[in-house]
Amino acid sequence: MLLLEPGHEKLAIVMVGLPARGKTFVARKITRYLSWLGYNTRWFNVGEYRRARAGARQPAEFFDPNNADWRDARLDFALAALEDMLAFLRSGGEVGIYDAANTERARRELVFQRCRNEGVRVVFIESICEDERVIEGNVRETKLRSPDYAGVDPEEAVRDFRKRIEFYESTYQPISDERLSFIKLIDVGRQVVVNRVRGYLGSRLVYFLMNLHPAHRRIWLTRHGESHYNVEQRIGGDPPLTEKGFEYARTLEQFLAERDASGKAVVVWTSSLKRTVATAEIIGRKSIAWRALDELDAGICDGLTYAEIATRHAEEFQSRARDKFRYRYPRGESYADVIQRLEPLIIELERQRASVLVVAHQAVVRVLYGYLMGKPQEECPHIPVPLHTVIELTPTAYGYEERRVELAPGGPSSERITVMPVST
Ligand code: F6P
């Protein structure tokens with residue numbers, strides 16, 4: 001799904017900011033969001049080029065701006081990443097995310113000119129944070145786990161990283177040129193300054209960034225309990241739960257009580273259909289029913305079994321098998337349509353600071369999971385999402401750790417833990 005209008009300029013999103021200001025967190029969130037929306041997007045991290053070319057273990061002095069040799073070496077890594085990003089944009093890429101400190105005006109000028117020479121539009125995103133507690137938290141959470149400090153005593157690593165930050169601070173020039181397009185994120189969303197950011201994509205980006213925050217909270221995704229249509233293998237409709245489905249809801253309630261022992265508020269979201277509303281009702285917490293979470297609309301095939309569709313609408317059945325992501329049921333929807341309607345909900349999900357339980361449907365859970373775990377769009381329709389299983393997503397530095405918990409109605413739960421790296 002190419003969303004940039006024909007002839008539209010390609011876009012480079014250039015991160016700016018001192019170390020430990022959450023640039024990579026933001027860069028990866030944007031990469032996942034834009035990829036999920038259908039833009040061919042790729043993240044280029046200069047730190048990875050440095051580690052690949054110079055080795056991960058460099059002392060803080062490597063970042064000393066007065067050391068000419070190392071300064072040149074660091075410039076080479078930055079240019080290598082930049083050229084790779086431009087090559088990606090020349091060969092079908094639509095958005096490149098250039099993740100580096102870019103704290104000096106001269107460096108930004110160089111990146112800007114190189115992009116402009118290739119007809120690539122540039123938006124800078126500068127992350128500014130003066131809150132010592134947030135910086136300390138970032139250093140401990142992300143940097144100590146970075147390959148740069150593998151096997152190093154944590155206190156020594158913190159000291160070294162602080163020194164690295166000081167070197168960057170000694171030459172830092174925040175963005176001040178108002179001719180440039182930029183977004184400044186100040187103190188993790190307390191203030192957002194937007195300058196000369198235009199167009200559809202630009203405004204989506206601003207809206208997305210205004211709602212981002214790094215608070216740790218869990219997200220649980222589940223389908224409703226078994227419905228009568230599930231038993232009959234019919235799709236769509238608005239059927240009630242079976243007795244087994246009600247049992248699942250009761251087990252889900254226990255699961256949530258165990259996980260949320262602190263008694264902190266959990267936000268519960270359902271679709272507007274009976275089977276999700278009934279599942280959530282038993283949990284006994286306040287829930288919000290969203291129409292946007294309704295199951296993919298199967299149009300003229302609603303209420304049929306797959307076998308009936310194959311005989312009564314053979315051509316439709318085959319078209320869907322050929323391209324399940326783009327196929328749209330006559331008078332119904334495609335997975336691509338479901339992504340479009342879920343976009344506002346994704347922003348709402350990002351905005352929530354409490355943990356969220358989403359009780360929805362197979363196709364919708366696939367699409368939400370695809371966003372959170374950075375799965376390519378085309379893979380979404382094929383992600384396994386069985387009934388009576390909770391997908392538990394716990395935030396890590398830049399993504400989520402996934403656990404799948406099968407809740408056998410009435411019986412003991414079996415937990416399969418798959419720690420999945422985020423792919424974009
Ligand atoms: O079968 C349950 C169901 O939620 C249907 O209502 C829906 O049409 C279907 O799953 C979506 O899954 P798929 O895209 O694999 O047909």
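Predicted model: local features only at pLDDT ≥ 70, side-chain atom pairs only at ≥ 80, totals over all residues.

**Cavity and ligand site**

Colleague: Which residues line the largest cavity?

Modeller: The lining is made up of Leu-18, Arg-21, Ser-127, Ile-128, Cys-129, Glu-130 and Tyr-172.

Colleague: And what volume does the largest cavity have?

Modeller: About 40 Å³. The structure holds one cavity of 30 Å³ or more.

Colleague: OK, on to the ligand. Which pocket does the ligand take up?

Modeller: The ligand takes the space of the second largest pocket.

Colleague: Which residues surround the ligand?

Modeller: Around the ligand you'll find Arg-223, Ile-235, Gly-236, Glu-295, Tyr-306, Arg-320, Lys-324, Tyr-335, Gln-362 and Arg-366. Sorted by class, that shell has five charged, three nonpolar and two polar residues.

Colleague: How far is a polar side-chain atom of Tyr-306 from an oxygen atom of the ligand?

Modeller: That distance is 2.6 Å. For Lys-324, a side-chain N or O atom lies 2.7 Å from a ligand oxygen atom. Arg-366 also has a side-chain N or O atom 2.9 Å from an oxygen atom of the ligand.

Colleague: What percentage of the ligand's accessible area does the protein cover?

Modeller: On its own, the ligand has 400 Å² of accessible area, and the protein covers 92% of that.

Colleague: Great, thanks!

Conventions: Residues numbered from 1 in each chain as written. Heavy atoms only, no water. Near = heavy atom within 4 Å. Polar contact = N/O pair within 3.5 Å; in protein donor to acceptor, adjacent residues only side chain to side chain. Areas by Shrake-Rupley, 256 points an atom, 1.4 Å probe, with all protein chains shown as cover. 1 Å grid on protein atoms, 1.4 Å probe; cavity = no way out; pocket = protein on both sides within 12 Å on 5 of 7 lines; lining within 4 Å. Sits in = over half its atoms within 2 Å of the grid points. Nonpolar A, V, L, I, M, F, W, Y, C, P; charged D, E, K, R; others polar. Points joined across faces, edges and corners; volume = space filled by probe spheres on them.
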